[in-house]
Amino acid sequence: MTHTPPVVLVTAVGTAAGTWAPLLPALRARSRVIAYDRPGLGMRPPAPGPTLASSVADLAALLDSAGPGPYVLVGHSWGGLLVQVLARQQPERVAGLVLLDPAHEEFRPPLVRAADAVSGALLVLRRAPGARTVRAEYRLATRHASELLRLRAARALPDVPVTVLSASRGLPRRLRTGWTRLQAGIAVGPASGTPWCPAPGTTSTRTGPRRSRGPSWP
């Protein structure tokens, strides 16, 4: 009988685990699924100012408590960047990666930075739950850009199946094209030596850059 690795779902900036709810029934029919909140989001109390290291350590601690791996890590936006960092630092814990419109440290145009700053400030003014955590997370990709670039250059992703889905809407075409180009680089990766192949998508997303190596699961 084929073993299906457990799946861990990692959300975007300022997003609680409940956003995965529509996907859970289908995923649970195939594997064990874990959706969790980072400190300060959902039901978890806040922790002192999140950093890249503390966010990755929090994910690693979750895997420690969840039992034997390795895991398929599914990350959306900022969560997609976090799971890549963990995969580079602890490759033995990763059976596969699914990256949903993943953030990239090189994609921080002024328009996006300004929108993030305004969104974070409005949440604080409205006293929205987790607002300060959201605002802090918005700043992390910019603050740690050089560290992320060094890590990406120094360590390839592990030799596991990797799928990247790129959104087709939500940004001006020029910005979307630039972001998708960076995501294509994630999918191909320095070790794979294979091109990415766009496939037909839905009205909101399309299967963009893809790298698939190693075993697949039913």
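Visitor: Where does S77 lie in this structure?

Guide: S77 is placed in the loop between strand 3 and helix 3. Please note that the model is predicted.

Visitor: What is the phi angle of S77?

Guide: The phi of S77 is near 55°, which is a positive value in a residue other than glycine. D101 is found in the loop between strand 4 and helix 4 (110-125).

Visitor: Is D101 buried or exposed?

Guide: One compares the relative accessible area with a cut-off, since a residue is called buried under 20% and exposed over 50%. For D101 the relative accessible area is 14%, so D101 is buried.

Visitor: Which peptide bond is cis?

Guide: The omega angle must be consulted. The bond from G69 to P70 is cis, with omega near 0°. P70 itself belongs to the loop between helix 2 (52-66) and strand 3 (71-76).

Visitor: What does R93 touch?

Guide: Residues up to four places away in sequence are set aside, and R93 then touches A60, L63, D64, P70 and Y71. R93 is in the loop between helix 3 and strand 4 (94-100).

Visitor: With which side chains does the side chain of R93 make a polar contact?

Guide: The side chain of R93 makes a polar contact with the side chain of D64 at 2.6 Å. It also makes a polar contact with the side chain of Q90, at 2.9 Å. R93 has a relative accessibility of 16%, so R93 counts as buried.

Visitor: Which residues of helix 6 are buried?

Guide: The general idea concerns the helical repeat. An α-helix has 3.6 residues a turn, so residues three or four places apart point the same way. In helix 6, A145, L148, L151 and R152 are buried. Viewed down the axis of helix 6, these buried residues fall within an arc of 130°, so they line one face of the helix. The face turned away from the buried side carries the exposed residues R150, A153 and A154.

Visitor: How many cavities of 30 Å³ or more are counted?

Guide: A cavity is a space where a probe fits but cannot get out. The count comes to one cavity of 30 Å³ or more. The largest cavity holds about 50 Å³ of space.

Visitor: Which residues line the largest cavity?

Guide: Its lining consists of L81, Q84, V85, R88, E105, L148, L151 and R152. These residues divide into four nonpolar, one polar and three charged. Helix 3 (78-89) and helix 6 (145-154) each supply at least two residues of the lining. Helix 3 gives the most, with four residues.

Methods: Residues are numbered from 1 along each chain as its sequence is written. This is a predicted model: local features need pLDDT of at least 70, side-chain atom pairs count only at pLDDT 80 or more; totals for chains, interfaces and linings use all residues. Side-chain values use heavy atoms; hydrogens and water are left out. On a 1 Å grid over the protein atoms alone, a cavity is a set of points where a 1.4 Å probe fits but cannot get out, and a pocket is an open set with protein on both sides within 12 Å along at least five of seven lines; lining residues have an atom within 4 Å of a point. Grid points are joined across faces, edges and corners, and a volume is the space filled by probe spheres set on the points. Ala, Val, Leu, Ile, Met, Phe, Trp, Tyr, Cys and Pro count as nonpolar, Asp, Glu, Lys and Arg as charged, and the others, Gly among them, as polar. Buried means under 20% relative accessible area, exposed over 50%, partly exposed in between (1.4 Å probe, protein chains only). The arc is that of the directions from the helix axis to the C-beta atoms. A polar contact is a pair of N or O atoms within 3.5 Å; within protein, one must be able to donate a hydrogen and the other to accept it, and residues adjacent in sequence count only if both atoms are side-chain atoms. Contact means heavy atoms within 4.5 Å.
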